[in-house]
Amino acid sequence: MNDELLHRTTLAEKPRVLIYCQHVLGMGHLIRSMAIARALKHCAVTFINGGESLSGVEVPPWVSIENLPSISSDSEFQELKIHGHGTTLEQVQQVRKHRLRELYDTIHPDVMLIELFPFGRKRFAFELLPLLAHIRLSASSTKVVCSLRDILVTKPDQTRHEDWVVSLMNRYFDLLLIHSDPTFQTLDETFSRCSDLRCAVQYTGFVTQDSNMSTDVRTTDGQPTSDGAPLILVSVGGGRVGYELLDSAVRASVLLAPTVPHRMLMFTGPYMPEHQYMELHKRAAQYAHIQVRRFTSSFESLMQQAALSISMAGYNTCMNLLNTGTRALVWPFTGHKNDEQTIRARKLEQRGLLTMLEPSDLRPERLAEKITVSLSSPQGHAGHSINTHGGRETAMAIERLVTQPHNRTTRTTVASVPGNQPDHWLTEFKQFLDAKEAERRPLHLFLRDDDVDEEEDSLKHLLDLALARGVPMNLEIIPGRLTPACTATLKNALRADHALLSLDQHGWMHSNHETEGRKCEFGRSRSFTQQLNDIAQGKAILEATFEELFFPAFTPPWNRCTTDTYRALDELGFQVLSKDRGKDRLTEYRFSEVSTTLDLYTWKAGARMKSAHEIVRELMGQLDRLPVVGLLLHHKIMTAEAFSFLDQILGELRHRSVVRFHTFRTLLPLSQESQAVAR
């Protein structure tokens, strides 16, 4: 990180704001987020750009830019694309995730502003969920804000999508800023769960570019933009979509030129494929009145001069039209069943602020007619009452938020705050790990958490640890007691990384069937058939619920079962049995035994967490002598002290190159190899 950035981020007299913006198709999200950054004149702003960088965008002195390795999308939002050679998408994702965390930890922002997510950009959960979990676990004073445009795109699985949004907003965010005027468009028109949001919600008005609207701008790239003839300004935003409109506009202009003198200035956008740009440029070069360019930083000033604008109906272009009052023909983008631009254009047309083009209007002859009618109509619109001061109001909302006391306790009952443990055990543990690093012998560990069934804050906190620290965990689910809310919570966490969690089976109902002796669900009181039926029923539920996310590993409740249980697991095709590690491991079945070796709790006379010194001493001894160490967790009874201790242990282990964390899936080859040797 450069010295200038460090200097900016340590200015105590200015609130520190970190803005995350990921544009994947056009540049509208980038332009709007940068307009907000420009409005934050009283803050030290770091702008994180996750899409392709764009030269020519004005950056004020209070804003510094950090470009992540760029990721974009195809026009149908089906495939993420990277723009470097010799690397993979997965490698770029890992670099971005670590860089984002590094920026946050260096800057320690007062406000973290995230554009669109979680209402959109689900495919960037790989880096945003770990960051949000890290912010929450750190118990920092950072306020987390979602920056949202006026209209959302309907999803194929809208109900599940809205469940996801509400869950994340209520857990991680302090404020939702909607960049719209509620008299024009409200969020609940495209999102039905507004009443379920527990964070603060504020409409800011529409965000417009704070540009110089001077009418003295007369040239672009050294070429005159007007010689007395009406100027027609044609644009398609970023340019990855919209070629059809530009092609039709050129052909319509040629048809009109003999009878309707005009000049046409066309901007293809910086992301239009080169072959499309060159094709348009070559065709336009045959006509002196048509110019084709890629991008300009003076777009709104040019629009102010234009007699007519022909464009798509993106957020920023529509705001330019509202500001300038220019006559307009707009063709909404409808790819991938996206109706956002259509909704916006139709509402603006109903107010007499523009004319919407239909697909049939893109025939050159038809478009020429539309242009002729527009040029002969009265100049632009007479005005409007739509609030377009969203940049200023967003800045004011963020500045107010900085001064408010932190209220994170309303969103969590468990926090990984440093405990009052003596530090001698931590020093000893660090020295031990230093020695293991020098030996360069891999240390294999896994974490197993039992009794997963309900949506509990302690479970969410454990998932935050997995997300923020990047530590895989094995979750043992009680199928007969699994709730829909818990299912959604697990699937939400897995959006960040499908390999992060192993979702396994923990008995059937976690019910005791023994009338005497120790508790057991699969004990001597149950016949083979009874056990087989219960286990099969639970397995079927988990397979139907989680599909490929379920892994056929089985943990018996209370870590107890019989040989009939082993026979049932073998018959049902389970690959792993996990219980308490005994003296002798099972080797005569097709499944492998991968059992825990260290419980954080002692259960004599009730559950009680062992001392940190006792746990660490036992852990170091096992790492010395065992090929695989398994830590047993119990989220249902873990206290803040227990979570804090676990976080410290994981933090030390995670940063050592010799440590390998596993799920049962990745441990299976190691276990099978060791069992083959034993046989």
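Colleague: Which residues line the largest cavity?

Modeller: This is a predicted model. In it, the lining of the largest cavity is made up of Leu 129, Ser 167, Leu 168, Arg 171, Tyr 172, Lys 460, Leu 463, Asp 464, Leu 467, Thr 489, Asn 492 and Ala 493. At least two residues of that lining come from each of helix 5 (158-172), helix 14 and helix 15 (484-494). The volume of the largest cavity is about 140 Å³.

Colleague: How many cavities of 30 Å³ or more are there?

Modeller: The count is two.

Colleague: And pockets: what is the volume of the second largest pocket?

Modeller: A pocket is open, whereas a probe cannot get out of a cavity. The second largest pocket has a volume of about 870 Å³. It is lined by 37 residues, and the closest to its centre are Lys 97, Arg 469, Gly 470, Val 471 and Arg 654. Among the elements that give two or more residues to this lining are helix 4, helix 14 (457-469), helix 19 (640-654) and helix 20 (664-678). Helix 3 gives the largest share of the lining, five residues.

Colleague: Turning to the nonpolar cores, how many residues does the largest have, and which have the most contacts inside it?

Modeller: In soluble globular proteins, nonpolar side chains tend to be buried together. Here the largest nonpolar core has 151 residues, and Phe 119, Leu 176, Ile 371 and Leu 501 have the most contacts inside it. Helix 4 (residues 125-137) supplies the largest share of this core, nine residues.

Colleague: What does Ile 371 touch?

Modeller: Leaving aside residues up to four places away in sequence, Ile 371 touches Ile 232, Ala 252, Leu 256, Leu 308, Ile 310 and Leu 329.

Colleague: Is Lys 539 buried or exposed?

Modeller: Lys 539 counts as buried because its relative accessibility, 12%, is under the 20% cut-off. This lysine lies in helix 16 (residues 528-546). Beyond residues up to four places away in sequence, Lys 539 touches Gln 505, Phe 550, Pro 552, Leu 572 and Phe 574.

Colleague: What covers the buried residues of helix 17?

Modeller: The cover includes helix 16, strand 21 (550-555) and strand 22 (576-577). The buried residues in helix 17 (residues 563-572) are Thr 565, Tyr 566, Ala 568, Leu 569 and Asp 570. After helix 17 comes Gly 573, with a positive phi near 80°.

Colleague: How many residues of helix 2 are buried?

Modeller: Ten of its twelve residues are buried, so helix 2 is largely enclosed by the rest of the structure. The buried residues include His 29, Arg 32 and Arg 38, along with Leu 30 and Ile 31. From first C-alpha to last, helix 2 (residues 28-39) reaches 17 Å, close to the expected 16 Å.

Colleague: How many disulfides does a search of the whole structure find?

Modeller: A disulfide is a covalent bond between the sulfur atoms of two cysteines. The search finds zero disulfides. Cys 21 is in none, and its nearest cysteine sulfur, that of Cys 146, is 12 Å away. Cys 21 is buried, with a relative accessible area of 0%.

Conventions. Residues numbered from 1 in each chain as written. Predicted model: local features only at pLDDT ≥ 70, side-chain atom pairs only at ≥ 80, totals over all residues. Heavy atoms only, no water. Disulfide = S-S within 2.5 Å. Buried < 20%, exposed > 50% of the residue type's maximum accessible area, 1.4 Å probe, protein only. Helix = DSSP H or I, 4+ residues; strand = E, 2+ residues; numbered from the N terminus. Expected span 1.5 Å × (residues − 1). Contact = heavy atoms within 4.5 Å. Core = buried A, V, L, I, M, F, W, Y, C linked by side-chain atoms within 4.5 Å. 1 Å grid on protein atoms, 1.4 Å probe; cavity = no way out; pocket = protein on both sides within 12 Å on 5 of 7 lines; lining within 4 Å. Points joined across faces, edges and corners; volume = space filled by probe spheres on them.
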